[in-house]
Amino acid sequence: MKALIAGIVLLAVSMATSAQPPNAEAAVRQTVQAFYAAFNAHGFDHAADFTTDDWNHINPYGGRTRGRAQVLKELHQVHGSFLKGVSDNIEQLDVRFAGKDAAVATVTSRMSTFTSPDGIRHVNEQHIRTFILAKRGTRWLIMQDQNTVVAAPPGQ
């Protein structure tokens, strides 16, 4: 009986993972990489190509901005000031599917040195960002992201 249950579970898991077309993960990765390319170019003029109209952004300081227009307004402000010239480079990108039209991408990245508005200098800082993507038509688009600073372990 245990073998039968294990077999059913294994079959269900394999069916769930095969439910995505082979290029789905590549498409999700491409969307996330487009976000980072825009970040590093400090130009989000093509954000409609990789985000939904109702994009939500949670920044590392806990602020939440709703709607692509408002997120872009915030991004233009910070990239025109303390993030001007700062790069954020992907170290690792993992993709999981929550269904046929939903994906979660988790990225660890490394930011170049910058000084935040509170006067704190951030050097070689690692971030972890979670993206929630929705499939709209044939495209995978970011509908929400949350960026968190990876804290150094105590004593470092």
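R29 and E25 both sit in helix α2, four residues apart, or about one turn of the helix. Their side chains meet in a salt bridge with an N to O distance of 3.1 Å; a salt bridge here is a side-chain nitrogen of Lys or Arg within 4 Å of a carboxyl oxygen of Asp or Glu. The model is a predicted one, in which local features need pLDDT of at least 70 and side-chain atom pairs count only at pLDDT 80 or more, while totals for chains, interfaces and linings use all residues. Residues are numbered from 1 along each chain as its sequence is written, and side-chain values use heavy atoms, with hydrogens and water left out.

**Overall layout**

The chain contains three helices and eight strands. Helices (H or I, at least four residues) and strands (E, at least two) are DSSP runs numbered from the N terminus. Along the sequence the pattern is α-α-β-β-α-β-β-β-β-β-β. Of the 156 residues, 34% count as buried; buried means under 20% relative accessible area, exposed over 50%, and partly exposed in between, with a 1.4 Å probe and protein chains only. The chain exposes about 9200 Å², of which carbon and sulfur atoms supply 57%; accessible areas come from the Shrake-Rupley method with a 1.4 Å probe, and for residues only the protein chains shown count as cover. Among contacts in the chain with a separation of 6 or more, 52% come from residues 24 or more positions apart, where contact means heavy atoms within 4.5 Å.

**The sheet**

Six strands form an open sheet with mixed pairing, in the order β2-β1-β8-β7-β4-β3. β2 (64-66) and β3 (88-99) are the edge strands, each with a single partner, so one side of each has no neighbour in the sheet. From one strand to the next the twist averages 15 degrees; axes are lines fitted to C-alpha atoms, for helices over the stretch in contact, and angles run from 0 to 180 degrees between N-to-C directions.

Two strands count as paired if DSSP finds at least two bridges between them. β3 and β4 pair in the antiparallel sense over 10 bridges and form a hairpin with two residues between them. N89 has R110 in β4 as its bridge partner. Strands β7 (residues 125-136) and β8 (residues 139-149) pair in the antiparallel sense over 10 bridges, with Q146 in β8 as the bridge partner of T130.

Helix α2 (residues 24-41) packs on this sheet and touches β1 (51-58), β3, β4 (102-111), β7 and β8; its direction makes about 145 degrees with that of β3. Helix α3 (residues 68-79) lies across β1 and β2, at about 50 degrees to β1.

**Salt bridges**

The count comes to six salt bridges.

| Pair | N to O distance |
|---|---|
| R29 and E25 | 3.1 Å |
| R129 and D88 | 4.0 Å |
| E91 and R110 | 3.0 Å |

R129 is buried at 3% relative accessible area and D88 is buried at 0%. D88, R129 and D145 are linked in a network of salt bridges.

The closest N and O atoms of E91 and R110 are 3.0 Å apart, and the pair joins strands β3 and β4 across 19 residues of sequence. E91 is partly exposed at 41% relative accessibility, as is R110 at 27%.

**Individual residues**

H122 belongs to strand β6 (residues 121-122) and is buried at 11% relative accessibility. A polar atom of the H122 side chain lies 3.5 Å from the backbone oxygen of I120. Apart from neighbours within four places in sequence, H122 is in contact with Y61, S112, T113, F114 and S116.

R136, in strand β7, is partly exposed at 39% relative accessible area. Leaving aside neighbours within four places, R136 contacts T52, D54, L141 and M143.

Two residues other than glycine have positive phi. H42, in the loop between α2 and β1, has phi near 55 degrees and is partly exposed at 25%. N124, in the loop between β6 and β7, has phi of about 50 degrees and is partly exposed at 48%.

Conventions. Polar contact = N/O pair within 3.5 Å; in protein donor to acceptor, adjacent residues only side chain to side chain.
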